[in-house]
Amino acid sequence: PAPLRKFFVGGNWKMNGDKKSLGDLINTLNSAKINADTEVVCGAPSIYLDFTRSKLDAKIGVAAQNCYKVAKGAFTGEISPAMIKDCGVEWVILGHSERRHVFGESDELIGQKVAHALESGLGVIACIGEKLDEREAGITEKVVFAQTKVIADNVKDWSKVVIAYEPVWAIGTGKTASPQQAQEVHDKLRQWMKANISEDVANSVRIIYGGSVTGATCKELASQKDVDGFLVGGASLKPEFVDIINAKA
């Protein structure tokens, strides 16, 4: 039988919130009844990483939303995995479509960041996904396999990696991939991993879905065989995030 993959729900707060609103959200999460069988991680803006980690219950993880590919140096405005760890934070989100498409990060740079973050002992939520024109052109698999390959080439230990499939056309648009569309890509990704990495990795790595996940859409998505959780944007700033965390409960 396939190994049990622990359900994983990440919240990506993006460039939102202030100490008051995030403090309120953290209080809501701390007092919520959260399914113990689900791993939960909140992605805070870097300026609030210390604040978030000090206030959030220890059972909930914290992630930086990005980092650079080296430990220190003359890289104004960047943060390193060493700094993230120094704040008691254990995860980083890398390769998010906004980093790729708004800030122009290349596959190669994302690969280098993944390698350095893992070498530094951080867990990595690595994002992949196709744009609308790519899906319409029928090259979804080609695009996500190429993105996954660059990540895979930089991973030695898969136990610290979560893959987030986020179709770019579904992020912040209110369009969600249907549970069938999500399951199909997750299944294909697992087959690619089996063929190109190993059967063990293919069976054990969590592949989570991101793209307009809400309290209303989460249960049916969570019931798909190869959907191991979510990376949640806007809804992660609202109390309904608790319902999404408990989608499998």
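Analyst: Contact here means heavy atoms within 4.5 Å. The structure is a predicted model. With that cut-off, what covers the buried residues of α1 includes β2 (38-44), α2 (49-55) and α11 (241-245).

User: Which residues of α1 are buried?

Analyst: Leu22, Gly23, Leu25, Ile26 and Leu29 are the buried residues in α1.

User: Why are the buried residues of α1 said to line one face of the helix?

Analyst: Look down the axis of α1. The buried residues fall within an arc of 165°, so they line one face. In an α-helix there are 3.6 residues a turn, so residues three or four places apart point the same way. The face of α1 turned away from the buried side carries exposed residues: Lys20, Asn27 and Ser31.

User: What span does α1 have, and what is expected?

Analyst: Helix α1 covers residues 19-31, 13 residues in total. From the first C-alpha to the last, α1 reaches 18 Å.

User: What makes the strands a barrel?

Analyst: Eight strands close up in the order β1-β2-β3-β4-β5-β6-β7-β8, with parallel pairing. From one strand to the next, the twist averages 25°.

User: Why do β7 and β8 count as paired?

Analyst: Pairing needs at least two bridges between two strands. Two bridges join β7 (residues 206-210) to β8 (residues 229-232), and the strands run parallel. Tyr209 has Phe230 as its bridge partner in β8.

User: How many bridges join β5 to β4 and to β6?

Analyst: Four bridges join β4 to β5. Five bridges join β5 to β6. Both pairs run parallel. Ile125 of β5 is the bridge partner of Ile93. In β6, the partner of Ile125 is Val162.

User: Why is β5 called largely enclosed?

Analyst: Six of the six residues of β5 are buried, so the rest of the structure largely encloses this strand. Gly123, Ile125 and Cys127 point one way, while Val124, Ala126 and Ile128 point the other way. Both sets are buried. In a regular strand, side chains alternate between the two faces of the sheet.

User: Why is His116 called buried?

Analyst: Buried means under 20% relative accessible area. His116 has 13% relative accessibility, so His116 counts as buried. His116 lies in helix α5. Leaving aside residues up to four places away in sequence, His116 touches Tyr68, Lys69, Val70, Ala71 and Pro81.

User: Which strands does helix α5 lie across?

Analyst: Helix α5 (residues 107-119) lies across β4 (91-94), β5 (123-128) and β6 (161-165). Its angle to β4 is about 175°. Helix α8 (residues 179-196) lies across β5, β6 and β7, at about 150° to β7.

User: Is Ser212 buried or exposed?

Analyst: Ser212 has a relative accessible area of 19%, which is under 20%, so Ser212 is buried. Ser212 is in the loop between β7 and α10 (218-222). Its phi is positive, about 60°, although Ser212 is not a glycine.

User: Why is Gly234 called partly exposed?

Analyst: Buried means under 20% and exposed means over 50%, with partly exposed in between. Gly234 has 46%, so Gly234 is partly exposed. Its place is the loop between β8 and α11.

User: What makes a set of residues a nonpolar core?

Analyst: The members are buried Ala, Val, Leu, Ile, Met, Phe, Trp, Tyr and Cys residues, joined through side-chain atoms within 4.5 Å. The largest such core has 67 residues. Leu29, Val92, Trp158, Ile163, Tyr209 and Phe230 touch the most other members. Helix α8 gives the largest share of this core, five residues. Apart from it lies another core of 11 residues, among them Val41, Trp91, Ile93 and Cys127.

User: What do the buried residues of α7 pack against?

Analyst: They pack against α4 (97-101), α5, β5, α6 (132-136), β6 and α8. The buried residues of α7 include Val143, Phe145 and Ile151.

Key:
Residues numbered from 1 in each chain as written. Predicted model: local features only at pLDDT ≥ 70, side-chain atom pairs only at ≥ 80, totals over all residues. Heavy atoms only, no water. Axes fitted to C-alpha atoms, helices over the stretch in contact; angles between N-to-C directions. Buried < 20%, exposed > 50% of the residue type's maximum accessible area, 1.4 Å probe, protein only. Expected span 1.5 Å × (residues − 1). Arc of directions from axis to C-beta.
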